[in-house]
Amino acid sequence: MKKLVFILPLIVALMSIAGCNSTETYAEQRDRENSAIGQFLVDSAINVISEAQFKSQGYTTDVAANEYVLFSNTGVYMQIVNKGCGEAIKNGEVVTVLCRYSEKNILTDSLISSNNVLLYSSIVDKMSVINTSGTFTASFVSGSSVMASRYGTSVPPGWLTPLSYVNIGRQTNEGDELAKVKIIVPSPQGQAHASANVYPCYYVISYERGL
């Protein structure tokens with residue numbers, strides 16, 4: 001009986017939230033999402049730079065100054081932590097890319113997916129990527145991806161944004177570092193669940209060239 005007393009208010013609260021969400025327009029949901037991103041930028045003391053400044057800096061971001069470049073056409077924010085060893089994916093090249101990542105729902109301030117936790121430490125998310133004249137498309141390899149098991153094999157467009165600016169290599173020499181980025185991804189550039197439910201995600205991702 002005590003358990004029921006605690007559970008019933010929770011059910012009522014969840015139904016109330018669902019009811020509110022069902023009456024929210026898409027524009028209102030996007031406004032809420034944008035407000036959450038804005039607050040995240042403030043709370044994280046992120047220094048936003050323009051694409052023009054990013055270009056003038058040699059397509060780098062100053063990690064010490066906590067710089068993130070905002071891509072105005074997509075709303076994705078990116079910080080390049082490590083540019084990475086090896087070389088960029090060439091035009092026409094099809095590459096297997098291995099990813100370690102963590103995914104945070106910015107609206108709820110909660111970790112919702114990661115292969116950097118003990119449970120999934122043996123799994124490195126694998127995606128097949130092709131560069132077509134500077135436009136990247138990709139899909140997760142089913143059975144080799146935590147992301148695919150949760151959201152399907154489509155790679156969030158936001159995950160592909162960094163590929164134009166980092167090298168995708170392997171650690172073969174002492175001192176080699178894998179490409180690593182931090183990105184803020186609004187729902188239109190996100191995974192299927194984020195897109196359908198209109199919430200932004202924060203990712204920390206490393207990219208490694210597969211064999």
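Here come two exercises, each with a worked solution.

This is a predicted model, where local features need pLDDT of at least 70, side-chain atom pairs count only at pLDDT 80 or more, and totals for chains, interfaces and linings use all residues. Numbering starts from 1 along each chain as its sequence is written, and side-chain values use heavy atoms, without hydrogens and water.

**Exercise 1.** Find the residues with the most contacts inside the largest nonpolar core.

*Solution.* Start with the terms: a nonpolar core is a set of buried Ala, Val, Leu, Ile, Met, Phe, Trp, Tyr and Cys residues joined through side-chain atoms within 4.5 Å. Buried means under 20% relative accessible area (1.4 Å probe, protein chains only), and contact means heavy atoms within 4.5 Å. Now the answer: the largest core has 36 residues, and V97, M127, W159, Y203, I205 and Y207 have the most contacts inside it. Next, zoom in on Y207: leaving aside neighbours within four places in sequence, its contacts include V97, M127, W159 and L178. Apart from that core lies another, of 11 residues, with I46 and Y77 among them.

**Exercise 2.** Work out which strands pair with β6.

*Solution.* Strands are DSSP runs (E, at least two residues), numbered from the N terminus, and two of them pair if DSSP finds at least two bridges between them. First, β4 (residues 94-105) joins β6 antiparallel through six bridges, with C99 partnering D125. Then β7 (residues 135-140) pairs with β6, also antiparallel, over six bridges, and V129 stands opposite A138. Finally, check the turn: β6 and β7 form a hairpin with two residues between them, and S133 there has a positive phi of about 55°.

Definitions and conventions:
Buried means under 20% relative accessible area, exposed over 50%, partly exposed in between (1.4 Å probe, protein chains only). Helices (H or I, at least four residues) and strands (E, at least two) are DSSP runs, numbered from the N terminus.
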